[in-house]
Amino acid sequence: MALVPYDENLLPALSKLHQTSAEFNLANHRIRLSQDWNRLGVAAVVWDAAVVLCMFLEMGTVDLKGKRVIELGAGTGLVGIVAALLGANVTITDREPALEFLTANVRENIPPGQQGAVQVSELTWGENLHLYPTGSFDLILGADIVYLEETFPALLQTLEHLSSENTVVVLSCRIRYERDERFLMELRRRFSVQEVYYDSQRDIHIYRAVKNTTNTEL
């Protein structure tokens, strides 16, 4: 799904993704993340949607202190790391091939005293969801996970399963194609969806969603 390398010579504009690390100043910390596109493809680089979502979390619109948070398709783990640094108890998930890489980034960037607030766990959308009981999380985060149409049914199933009536979903994404709009249409059939932020410079939208049976606010 995400293990797709690219030819650096064909796409020079994406050369920054070929760098072995990326650094950010977020949540009052200097965060340094390893990147490894050649081995893990899109799962192992930092995308704009993740950076924008972290900036949004920094604004304090979302209450993270002591909240139970799960990040889907975490990749490098930037969003989950920032959520943890802002006070959340975070489960950072991705598919099995990315876990070793993800765990190393978490270990490198979470202070020793906060390591217990972060768990790295395997989650392939639509599979073994019983390991993640409904209602276990206050907040579900996803950055740039809306991009492969064949994964949309499993992603929607996973969001539905994880969400209780009190769970808030926050998705950060660039709407690139009609299929992305179709995903949002399907999401709106099951959730109440609102665009809560737009970064015009990076063309990144952030959506808040809750199951249609609730009016819970962030």
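Ala27 counts as buried because its relative accessibility is 5%; buried means under 20% relative accessible area, exposed over 50% and partly exposed in between, with a 1.4 Å probe and protein chains only. The model is predicted, so local features need pLDDT of at least 70 and side-chain atom pairs count only at pLDDT 80 or more, while totals for chains, interfaces and linings use all residues. Residues are numbered from 1 along each chain as its sequence is written, and side-chain values use heavy atoms, with hydrogens and water left out.

Most residues other than glycine have a negative phi. Ala27 has a positive one, and Asn128 has a positive one too. Helices (H or I, at least four residues) and strands (E, at least two) are DSSP runs numbered from the N terminus.

Asn128 counts as partly exposed, because its relative accessibility is 48%.

Thr91 lies in strand β4 (residues 89-94). At 10% relative accessibility, Thr91 counts as buried. Beyond its neighbours within four places in sequence, Thr91 is in contact (heavy atoms within 4.5 Å) with Val69, Ile70, Glu71, Gln119, Ser121, Tyr132 and Phe137.

An unreviewed UniProt entry annotates residues 40-57 and 69-88 as "transmembrane region"; UniProt positions follow the numbering used here, feature names are shortened, and annotations may be inferred rather than shown by experiment. In the model, residues 69-88 are 40% helix and 20% strand, and the end C-alpha atoms of this span lie 7 Å apart.
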